[in-house]
Amino acid sequence: MNPNASGPPRLVWQRQVGTDQWYGPQLTCLPGTPAPPDVNDPAIPRTPPPPPVPTIAQIRSAFLELPFAKPSVSMQPVGNKTLVGLPTYYQADWPDTDDLQPGDVSTPEKLLSWTIQFKITAKDYRYTYGDGSTSGWTSDTGGIYPDGGIRHTYTTTGTRSVKVDARLVGQYRVNGGAWQDLGATADLQDEPVTQLQVAGTRTRLVNN
């Protein structure tokens with residue numbers, strides 16, 4: 001039997017070339033499938049496993065943990081004072097800080113063995129006027145008289161707590177690759193509140 005063969009034993013007959021004479025049978029082992037290597041053999045080189053890839057859930061979680069700025073609301077008339085019956089104009093103002101706000105790109109950060117960056121975009125805003133009414137969610141950032149799209153008219157006097165809520169979305173890229181949609185929304189909390197004084201108007205008769 002061939003000691004170098006690894007297949008199962010076989011009975012083999014052989015015919016002499018040019019004749020009808022057969023010889024055999026002989027017991028032999030035909031070549032077969034080699035046995036698999038021993039995974040515990042220290043002589044076999046080891047291939048390191050591929051680096052772990054962050055899941056989209058992990059990327060979204062990293063986005064929601066970013067240090068976001070929070071907008072405040074500015075108003076016109078200026079001075080945080082307005083009048084009953086007078087349209088007041090509102091605008092979302094982002095602070096001049098290092099925290100992320102719409103238009104910013106985050107610094108690269110490590111997530112597992114990958115480098116992730118985020119591009120920040122405003123999804124929408126909601127203005128709270130302090131008298132029980134709001135603008136509802138809108139993409140309008142507001143503006144000043146006469147073209148600002150966010151305005152409200154008060155019907156009673158008093159102090160009103162006014163603020164603007166913001167929700168942010170974004171894109172991400174891995175290892176400097178192409179930007180991809182993230183599919184997550186950061187709903188900011190505890191935005192600054194501005195106190196607005198609503199004063200009444202006086203009417204008096206004047207002799208001409």
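F63 counts as buried because its relative accessibility is 0%, where buried means under 20% relative accessible area, exposed over 50% and partly exposed in between, with a 1.4 Å probe and protein chains only. This is a predicted model, in which local features need pLDDT of at least 70, side-chain atom pairs count only at pLDDT 80 or more, and totals for chains, interfaces and linings use all residues. Residues are numbered from 1 along each chain as its sequence is written, and side-chain values use heavy atoms, with hydrogens and water left out.

The structure holds five aromatic pairs. Rings of Phe, Tyr and Trp (its six-membered ring) pair if their centres lie within 6.5 Å; planes under 30 degrees apart count as stacked, over 60 as edge-to-face and the rest as tilted. One of the pairs joins F63 and F68 edge-to-face, with 5.4 Å centre to centre and 65 degrees between the planes. F68 is buried too, at a relative accessible area of 12%. Ring pairs link F63 and F68 with F118 into a cluster.

Y90 and Y129 form a tilted pair, 4.9 Å centre to centre with 45 degrees between the planes. This pair links distant parts of the chain, 39 residues apart: Y90 is in strand β5 (residues 87-93), and Y129 is in the loop between β7 (114-128) and β8 (151-153). Strands (E, at least two residues) are DSSP runs, numbered from the N terminus. Y90 counts as buried at 0% relative accessibility, and Y129 counts as buried at 5%.

A charge also meets a ring: R167 lies over the face of W137, at 3.8 Å from the ring centre. A charge sits over a ring if NZ of Lys or CZ of Arg is within 6 Å of the ring centre and within 35 degrees of the ring normal.

Conventions:
Helix = DSSP H or I, 4+ residues; strand = E, 2+ residues; numbered from the N terminus.
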